Amino acid sequence: MTGASTIRIGLLLPDVLGTYSDAGNAVVLAARAGWRGIPAEILTITADTTPPAGCEVYLLGGGEDTAQLFAVDWLRRHRDLHHALDAGARVLAVCAGLQILGHTMRDRNGRHHPGLGVLDVTTAPGRRRAVGEITTTCVIPGVGQLTGFENHHGITTLGPGTAPLGTVITGTGNGTRDHTGRPTEGALNDRVIGTYLHGPVLARNPALADHLLTAITGTAMPPLELPDQAALRRTYLSPRAAHGGIHHRRRIPTSPTLHN
Amino acid sequence: MSGLAVGRQIVVVSGTNGKTTTSHLLAAALRTSGPVAHNATGSNMADGAVAALAAARDAEYAVLEVDEWHLAAVARAVQPAVVVLLNLTRDQLDRGTEVRAVAAAVGAALTGLPRTLVVANADDPMVVWAVGDAPRVCWVAAGAGWLGDTATCPRCGSMLHTDGPVWSCGCGLARPEPDWWLDGDLLHAGQEVTRLALRLPGRCNIGNAAQAVAAAAAVGVQPEQAAVAMGELATVAGRFAVIGHGRQELRMLLAKNPAGWAETLTVIDPARPVLIVINAREADGRDTSWLWDVPFEKLTCPVIGASGERAADLGVRLSYAGLDHHTEPDPVAALALLPPGSIDVVANYTAFHQLLRRLGPPVGSP
């Protein structure tokens, strides 16, 4: 047993929804809590285990299409966990994780697959895959700009009760717009954050990680300076990066052809 | 290309990791029997294959390393005697290529080759699924160090059952009975045993060598003869080369994705300083998220340098792994911050080749 004040971080199905390295979000949350003197524990919940339903926060990551359908079935089968996602815990869901928390997902053959209905969103396939750097302005006060790497085929439509996590500066995001015509990224309600951003998103955006920790603990997080973090943010959020400049840096001479 | 291929015994090598090393091992083995055309520089699209075949028109054998996505086009043109399929794991996802899509493309390429023998890794579920119903298959239990992409069945999406190296799924996809298998560095085939005494380090290279021996045997080179020739190879296109740099001796290691790193972590000398160099150009994959699938927490090197165009991404990852490090994006400047003596340098694809060019030729190279 852990002490009452320990944050239990439930990393859901990293063996199934691990294609895009989103498990790093758990490492970031645990470390940033620990560095503030708040004990935190990562519970790695693989498909062959019975999931605990009492975590303060659950994390879901991105995966491939077959894995996504498996994950929906698995989560629905474990009713206590499904209930915790629906009504108790905080949740960060990335990419396929975001899609499976919605009402339905339509596949490329036009078939509808029911999601868990935790978020008021629906997803359908887009015409082309959205792949590349994305920057957004986060709607959560104090979080600022978000940077991430998106890699998905989904167009996600938000229901009336659901806000986007951010508005898109560069990149694709949900592929849908809000009522003022701005392109949106992700989904947000009072407990659940859904996003298409990989990176992992909490490694690239420590303010979002601290927002989650504040929401879980009810206390503000003191500032934390991590080496290289500012340089990482500059890589992706400088005006030059916003115009695609990071793809064309030439610090070092390169060969004209590279095969791999 | 098909004209250049007529009358030769051609072996094509494909898979996510180990293509270049395996094709060099195989070329060394076949050279004991005759001249070999080989795209030795790792130029592994169709143009590289054409150039290699044209450059050695009289060679009786050809060894062609071919990118997974170009396998269908190259194989259709050259009608290889053998296709070696090593492993299929995540690599460069931002090209829009989830690994199952790569496997499906490889599978489609193989169905168009009724006379070709496929030498395939029985330990990799993604490979076994890709090989599918190919008519002629030789299975090698070459090992699979990293199974992060195959917790679920490639065919049906259910959880795979695993018991040691044996794996299976309720849908019927299962590890085939291997024709060749390893016991340490001993390679077994029926009653025959061949020792693979390699100069190249790492367990994965034993597996690569096992598949190379099986492929060599298929085109008539005896396993013992192949193994001796492969044992003499010390570097492969700069990989594993030792380069003198002032008072430092750099051992150059290439690792470009989580599966490659899983193997490289077993090769890195824990007593030496290590310099890690990460770029994110097109050939590397633009997305650096994969650094979070590498268990850097296992590194115990006394000094760690983070470098490359994405040194900051790497530095953040190392900090969260609890590792002290210094960060300097220019790798040559980063080397100046490390002590004299032996150093392991681990770089991903473009970072590796940039650094090789800047450092000059390896010690003892021709």
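Hi everyone, let me begin with one residue: B:V303 counts as partly exposed because it has 15 C-beta neighbours inside 10 Å. The scale here is simple: buried is 20 or more other C-beta atoms within 10 Å of a residue's own, exposed is 12 or fewer, and partly exposed is in between, with C-beta atoms placed from the backbone. B:V303 sits in the loop between strand 14 (274-277) and strand 15 (304-307) of chain B. Strands, by the way, are DSSP runs of E with at least two residues, helices are runs of H or I with at least four, and both are numbered from the N terminus.

Who does B:V303 meet? Apart from neighbours within four places in sequence, B:V303 contacts B:P273, B:L338 and B:P339, where contact requires the C-beta atoms, placed from the backbone, to lie within 7 Å. B:I343 is 40 residues away from B:V303 in sequence, and the C-alpha to C-alpha separation is 9.7 Å.

Some housekeeping before we go on. This is a predicted model, where local features need pLDDT of at least 70 and side-chain atom pairs count only at pLDDT 80 or more, while totals for chains, interfaces and linings use all residues. Residues are numbered from 1 along each chain as its sequence is written, and chains are lettered from A and ligands numbered from 1 in the order in which they are written.

On confidence, pLDDT is the predictor's confidence in each residue, from 0 to 100. Chain B averages 91, and 95% of the residues score at least 70. For the complex, the predictor gives an ipTM of 0.90 and a pTM of 0.87.

Now to the layout of chain B. The domain assignment gives domain 1 (2-231) and domain 2 (242-355), with bounds that come from an automatic or database domain assignment. Their C-alpha centres lie 28 Å apart.

Next, a sheet in chain B. Its 9 strands form an open sheet with mixed pairing, in the order 2-3-1-4-5-6-9-10-11; two strands pair if DSSP finds at least two bridges between them. From one strand to the next, the twist averages 20°.

How well covered is strand 3 (residues 61-65) of chain B? Here 5 of its 5 residues are buried. B:Y61, B:V63 and B:E65 are on one side, and B:A62 and B:L64 are on the other. Strand 3 of chain B pairs with strand 1 in the parallel sense over 5 bridges, with B:V11 partnered by B:V63. Strand 2 of chain B also runs parallel to strand 3, joined by 3 bridges, and there B:A37 has B:A62 as its bridge partner.

Further along, strand 4 (residues 82-85) and strand 5 (residues 117-121) of chain B run parallel with 4 bridges, and B:L85 stands opposite B:A120. Helix 7 (residues 203-218) of chain B lies across several strands, including strand 4 and strand 5, and runs at about 165° to strand 5. For such angles, axes are lines fitted to C-alpha atoms, for helices over the stretch in contact, and angles run from 0 to 180 degrees between N-to-C directions.

Over to strand 13 (residues 248-254) of chain B, where 5 of its 7 residues are buried. Strand 12 (residues 242-245) runs antiparallel to strand 13, with 4 bridges, and B:H245 is the bridge partner of B:Q248. Their hairpin has 2 residues between the strands, and B:G246 takes a positive phi near 60°. Strand 13 of chain B also pairs with strand 17 (residues 341-347) in the parallel sense over 7 bridges, where B:Q248 is partnered by B:G341.

Finally, the cores. A nonpolar core is a set of buried Ala, Val, Leu, Ile, Met, Phe, Trp, Tyr and Cys residues joined through C-beta atoms within 7 Å. The largest has 110 residues, of which A:I9, A:L29 and B:V345 touch the most other members. Helix 1 (residues 24-35) of chain A gives the most to this core, with 7 residues. Domain 1 and domain 2 of chain B both give residues to this core, so it lies between them. A second, separate core has 75 residues, among them B:L30, B:V84, B:A209 and B:A214.

How values were computed:
Two residues are in contact if their C-beta atoms, placed from the backbone, lie within 7 Å.
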